[in-house]
Amino acid sequence: MAKERRSLGGKVVAITGGARGIGRATAEALVAKGCRVAIGDLQLGPAEEAAAELGGGTVALPLDVTDRSSFTRFIDEAERQLGPLDVLVNNAGIMPVTPIAEEGDESIRRQLDINVYGLIAGTQLAIERMRPRRSGHIVNIASSAGKAGVPGIATYSGTKHFVVGFTEAVRAEHRDDGIEFSYVMPVTVNTQLIEGLQDQRGVKRVEPADVAREIVGALETGKVDVYVPRQLRASVVLGTLLPRGAREALGRFMGIDKIMTEVDKDARRAYEERAAASKPAGEEPAAGTEPAPQRDAA
């Protein structure tokens with residue numbers, strides 16, 4: 001039986017990497033539900049533009065998720081302007097595409113800093129505020145890559161496997177504290193993050209609004225593991241039942257071995273340069289580059 005949906009009206013929501021893509025689409029969907037939303041991004045200008053377009057009292061705040069003090073200021077200011085935090089959506093992430101043998105140390109560290117450390121820090125800071133009130137919901141954006149090993153993005157796949165396992169573990173730790181946890185696993189999402197990538201056979205790309213719709217559904221129903229599209233769940237379950245050889249052959253048939261290895265480097269160059277400029281805490285972007293937004297990653 002379908003779960004009864006609860007109202008989100010008046011809920012205070014903070015979204016990381018909220019200026020573009022999944023983050024912005026989620027903010028838009030939640031504003032439409034009557035939520036009071038704060039979007040944080042490394043680039044404040046685009047975040048302010050998004051907040052102005054979304055309306056509904058949406059606020060834009062600077063945020064470097066790799067810096068705990070910056071994350072603390074983000075949540076503190078969101079609460080000062082909007083009220084006690086009800087929901088945190090850990091959406092910020094980057095996805096450089098490169099074979100692991102060729103990946104530089106800086107790329108590895110940036111992914112760990114943004115995709116892993118930033119998510120841990122945000123989760124801890126949200127729990128600190130939610131546990132005394134015995135209420136709240138933390139949504140962590142993972143990926144379908146968090147359920148499979150995808151050639152060409154080994155480090156990214158590892159960070160998204162982490163998101164899945166981390167969220168399950170933290171949820172178990174706080175099962176009696178009144179805090180809910182969800183993790184969202186989209187296939188490739190039609191954002192700047194997938195520029196220059198091939199389509200996967202038999203798998204249609206989804207739109208940011210599709211992911212946002214499922215995030216809203218998780219908040220309304222308390223759903224924990226969220227697949228986008230929903231039928232992806234059946235594919236994942238089927239894959240676990242197949243012998244390894246058959247599972248890997250099916251993956252090759254679907255082109256999983258090529259989707260991230262045979263890329264259009266020219267089409268992808270702009271995104272890769274932006275991702276390379278996402279500075280870890282305490283570091284400055286390379287000379288002549290703009291700091292990249294810490295954006296969604298699917």
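The model is a predicted one, in which local features need pLDDT of at least 70 and side-chain atom pairs count only at pLDDT 80 or more, while totals for chains, interfaces and linings use all residues. Residues are numbered from 1 along each chain as its sequence is written, and side-chain values use heavy atoms, with hydrogens and water left out.

The protein contains 9 helices and 7 strands; these are DSSP runs numbered from the N terminus, with helices (H or I) of at least four residues and strands (E) of at least two. Of its 298 residues, 50% are buried, where buried means under 20% relative accessible area, exposed means over 50%, and partly exposed lies in between (1.4 Å probe, protein chains only). The accessible surface amounts to about 13,400 Å², and carbon and sulfur atoms account for 51% of this area; the areas come from the Shrake-Rupley method with a 1.4 Å probe, and for residues only the protein chains shown count as cover. Contact is defined as heavy atoms within 4.5 Å. Among contacts between residues at least 6 apart in sequence, 70% join residues at least 24 apart.

A nonpolar core is a set of buried Ala, Val, Leu, Ile, Met, Phe, Trp, Tyr and Cys residues joined through side-chain atoms within 4.5 Å. The largest such core comprises 67 residues, and L30, V37, I39 and F71 have the most contacts inside it. Helix α4 (residues 105-130) supplies the largest share of this core, 7 residues. Another core, of 6 residues, lies apart from it and includes M95, A145, I153 and Y156. What does V37 touch, leaving aside its neighbours within four places in sequence? Its partners are V13, I15, A27, L30, V31, G57, T58, V59 and L82.

Rolling a probe the size of a water molecule over the atoms shows where empty space is left. On a 1 Å grid over the protein atoms alone, a cavity is a set of points where a 1.4 Å probe fits but cannot get out, and lining residues have an atom within 4 Å of a point. Grid points are joined across faces, edges and corners, and a volume is the space filled by probe spheres set on the points. The count is 1 cavity of 30 Å³ or more, and the largest cavity has a volume of about 60 Å³. Its lining includes T16, F71, N90, N91, I114 and K160, and the largest share of that lining, 4 residues, comes from α4.

G152, in the loop between β5 (136-141) and α5 (154-173), is buried at a relative accessible area of 11%. G152 and V97 are 55 residues apart in sequence, yet their C-alpha atoms are 5.8 Å apart. In the loop between α4 and β5, R134 has a positive phi of about 55° although it is not a glycine. P229 lies in the loop between β7 (225-228) and α7 (232-241) and is joined to V228 by a cis peptide bond, with omega about 0°. P229 is partly exposed, at 22% relative accessibility. Leaving aside neighbours within four places in sequence, P229 is in contact with V187 and V206.

Definitions and conventions: 1 Å grid on protein atoms, 1.4 Å probe; cavity = no way out; pocket = protein on both sides within 12 Å on 5 of 7 lines; lining within 4 Å.
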